[in-house]
Amino acid sequence: MKQILLTLALTFIVLLGYSQDYFQQEVNYKIEVSLNDTLHELFANESIEYINNSPDTLYYLWFHIWPNAYSNNKTAFWNQILLDEGQAKYFDYKKNPGYIDSLDFSVNGKEIKWQYHPEHVDICKLNLNKPLLPGKKIIITTPFHVKIPYGKYSRMGHEKQAYQITQWFPKPAVYDKYGWHEMPYLNRGEFYSEYGSFDVSITLPANYVVGATGNLQTYSEIQWLNKKAAETRDLEHFNYTDIASSKKLKTIRYTEYNIHDFAWFADKNYYVLKSEVNLPNSGRNVTTWAMFTAKAAEQWKKAPYYINDALYYYSLWNGKYPYNNCTAVEGVLSAGAGMEYPEITIIGSAIGDRNLEEVIMHEVGHNWFYGLFGFNERRYPFLDEGINTFNQLRYINTKYNYPMFYEQYGIPKEIAEVLHADSLSYTNFNELLWLFTVREGLNQPISTSSEDFILSNYGLIAYFKAAQAWNYLRHYLGDEEFDRINHLFYDKWKFKHPYPEDIRKIFEENTGKDLTWFFDDVLNSNESIDYKIETQTADSLLLVNKSKISTPFQFATYNSKNEIDSLVWQDGFTGKRWIKVAKDKSFCIDPDKITLDINRLNNCYDSTREFINSPPIKFQYLGKYEETDKYQIFYAPVIGINGLNGLMFGPVIYNNSIPEKRMRFMFMPLITTDNTNIAGIIRMTYMINNKLSLKLNLKQFGRYSKKPYIAAESYRRFKAELNYHDQAQLNIPKWVDYSLSYVKVPMYYGISSFVNLSILRIDNNKLNPHSFETKVEIAKDFFKASFESKFRINYGYKNKSFDIRFFAGIMDMKNIYPQLMEGIGIYSGNQYNPLSFSLNGKTGTEDYQYDNYFINRDNRTFDASSFSGHQFVESDGGFAIYSPNLYSNKAMLSINLKSSVPKTNLIKLYANIGIYKQEKYATIFFLDDGSFGGSSESYWFGVNKKGNVPAFESGIELRIIPDIISIYFPILLSRDLKEYSDMTTDNYFQKLRFTLYLNKLDPSVLLKKAIY
């Protein structure tokens, strides 16, 4: 009877446990591995105890075999690399292979069937011979072999005989309340693994220094490392020598419990330093190790102290470090500045001591927010990166008393003063980083998954914005309460897999506060915070919330000495709210810049000033970053030159900064030496919302050169544009831009105003980017429509590509081209009509809407002696050679082809094919019109062919600055094209043309291009 009751009781306890929401699998590893440092290979055997603590019966297990991510250039890992970074990091898997093979899985000593994932070669599925019941365990064994890839691709690899061995062994995927989490290896996006124990034995040449997860159990190795640490401590000079591998082998053993991963690093050239830190509260001592090469020795001599301080502060704020060792190693890394693993981190290059400390302490801190709390960081990267970056900011501010940005990054104060960055704090610099993405309409919720973030936002939002969000919560609760809750969270969730809802529950239950504003709005919403002080009455102040979310904020009242009289937290609200205030005071929302407010210029109110709701205006030389308590207007001198205006000089006055403002302007008046008129640009942009913008642009430069028969003249061009940017998913670089514009220019054949409509569809992926653009231009008695598509097919390595451009256009010009005689019209060089389609791109005289910048807009290519006249824009037909007959007032088709060549990115081969529709008429071109009214010394007269005229050319493009400056060398020309070209040139060099796209050097354009 007692046995029956005991069985029933145990069954009830087990069932009660299974009825709970939370469960966690247990995985215990025993691995024996040997390193072949000649072939760069691992040979290993693995035994895994898998315990099913779930309430479910398992019929199969998903396994990660992540070294296969390096096996070819079609894996999820390499697709992400190529989409993020393009061909520059194209993986030559044939020369630098990485993979895992020789797998032969058995369960409880019996063979099983297994297969690769249908999409991902770095995941496999083990089909169990017998179902694994709740509460039961199995033993899984397999040999495996790993070919170690080149070390600069990602986290795992080797650089000669220096090894970083990470994500290297077969590992079960996590099975939790949401099911299986089988996931391919990714460069951007980290890991989620089951907790358990590790017993790992490593065999390798005896003179390798090894840093690894866990506790070293081999006594002789411990003594050897202690000896090397003592020797390193006494060294004054560090010398690099390429040490040959010892013929003698050693086997060293590591063990550890309550961890979810194991990594090890080996280098014969490592120097070793050893230290110890006494943890707060617990009084435990932890041994710390730093391993580094001679090239980084001067920086790394202080590394143990950085590790010690990180362990101390993180233990103080987040719960005690539970392990006996913590190690940082220097290494080759291509997945950020550093990468964390349980009890050990690898650090790449760092600039200066403070930067090295920052990276080391950040990666050591991941022992909590990755190591102790096993977050699903692939789904919620902010849980480890954001919270850890918050602790990083707290660490730096605590240890160095809220340093300035330049102090933290070793920038001389004199340079910081020139850049007006001497008052920029370390904390506010991090805020400016994420504000940039918000201002550009690229904002994504903090809780976005790693795979859904665009590349820039993975850092700017998952790290920096999430860090400020956590700092917001800390200030709202107060340090004492915040740290108390963190320790409660540590006690409940260490060595487990918490989700965001588990963090929320701990905070709300133990503070008694409704934190919906934080966990729903700040973390999960794409809305931005923007509180404003609107106006004041006799005893009240009107506050306005310009956003749709309600979040609390601090409200400060100042006395006449600009000292804070009171500082209180106000509950959040939506819409408007009146609050009672005293007279003759100043007030400020969020004075310490704690919230995630995107516009602090409207946060303060000074009732003692004449313009009480406007921050002061500050004029600055060469401004770079935004100060949040004043309007900034920047200025700088400008010097320029072109063929019509000569030397130009004057000021540029602008308000744009980092991050970019919603309303931005630029005013640049220039005095010229060769033209009586002032030149310059006025530009304004207003972001109505994240998608809709209004742009105004006015520019004036030389139009005609100074000649006896023509007065000096400038063109004045005004453009107003309404642009709508439609992007369905920010993490996918595809969007559509709709543009409606009005352009006012100097009159051509009775036309001075154009209405333009364009639809531009872009897929800007780094593998095979392409675009489609439809344009319509309408004016009096004028209509033009065109379609342009561009394709880039990347192949090979190092940004080699094959480019295809297709152009088609139709147009109609009524009463513009007079027919002076039946069937034939007279067209002279002095009466050239630039409105036509041009098969050979556009010169300065043909850029009739003045969209581009030319060295000398008036010079024409048939003025063969003029260098500037050989500049053109690859528009319309896109031909590189110039010929005066390659135009049409009816229709035009062209295909432009370019191809990279081996061993260089400076040269491309090009070939262009075009067809243009013409009417029959005569053409007169004056080639030397030295004086108006006199007889021309040289001219050419021809009669165009009627109908659809074909043309062909090919040649070599010399790319001085790719996509900015290129020179085109013709080789083959179709018959008519060659005849036209020969008539208008005296030698081969006069046939050369070049492109110069100065507009592509705009800093804002370059920055956006880098983001996308």
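Predicted model: local features only at pLDDT ≥ 70, side-chain atom pairs only at ≥ 80, totals over all residues.
Buried means under 20%, and exposed means over 50%.

Where does Leu419 lie? Look at the loop between α10, residues 413-418, and α11, residues 426-439. Gly623 is 204 residues apart from Leu419 along the chain. Yet the C-alpha atoms of the two are separated by 6.5 Å. Leu419 also touches Lys624 and Tyr625, leaving aside residues up to four places away in sequence.

Next, a helix. α6 covers residues 352-365, which makes 14 residues. From first C-alpha to last, α6 reaches 20 Å. That is close to the 20 Å expected at 1.5 Å a residue. How many residues of α6 are buried? The count is 11 of the 14, so α6 is largely enclosed by the rest of the structure. Among the buried ones are Leu356, Val359, His362 and Gly365.

Last, a sheet. Strands of a sheet pair through backbone hydrogen bonds, either parallel or antiparallel. Here, 4 strands form an open sheet, and the pairing is antiparallel. Read the order as β28-β27-β30-β31. Why is one side of β28 and of β31 left without a neighbour in the sheet? Because β28, residues 564-570, and β31, residues 604-606, stand at the edges, each with a single partner strand. From one strand to the next, the twist averages 15°.

Zoom in on one pair. β27, residues 553-558, is joined to β28 by 6 bridges. In that pair, Tyr558 stands opposite Ile564 of β28.

Key:
Residues numbered from 1 in each chain as written. Heavy atoms only, no water. Pairing = 2+ DSSP bridges. Helix = DSSP H or I, 4+ residues; strand = E, 2+ residues; numbered from the N terminus. Axes fitted to C-alpha atoms, helices over the stretch in contact; angles between N-to-C directions. Contact = heavy atoms within 4.5 Å. Expected span 1.5 Å × (residues − 1). Buried < 20%, exposed > 50% of the residue type's maximum accessible area, 1.4 Å probe, protein only.
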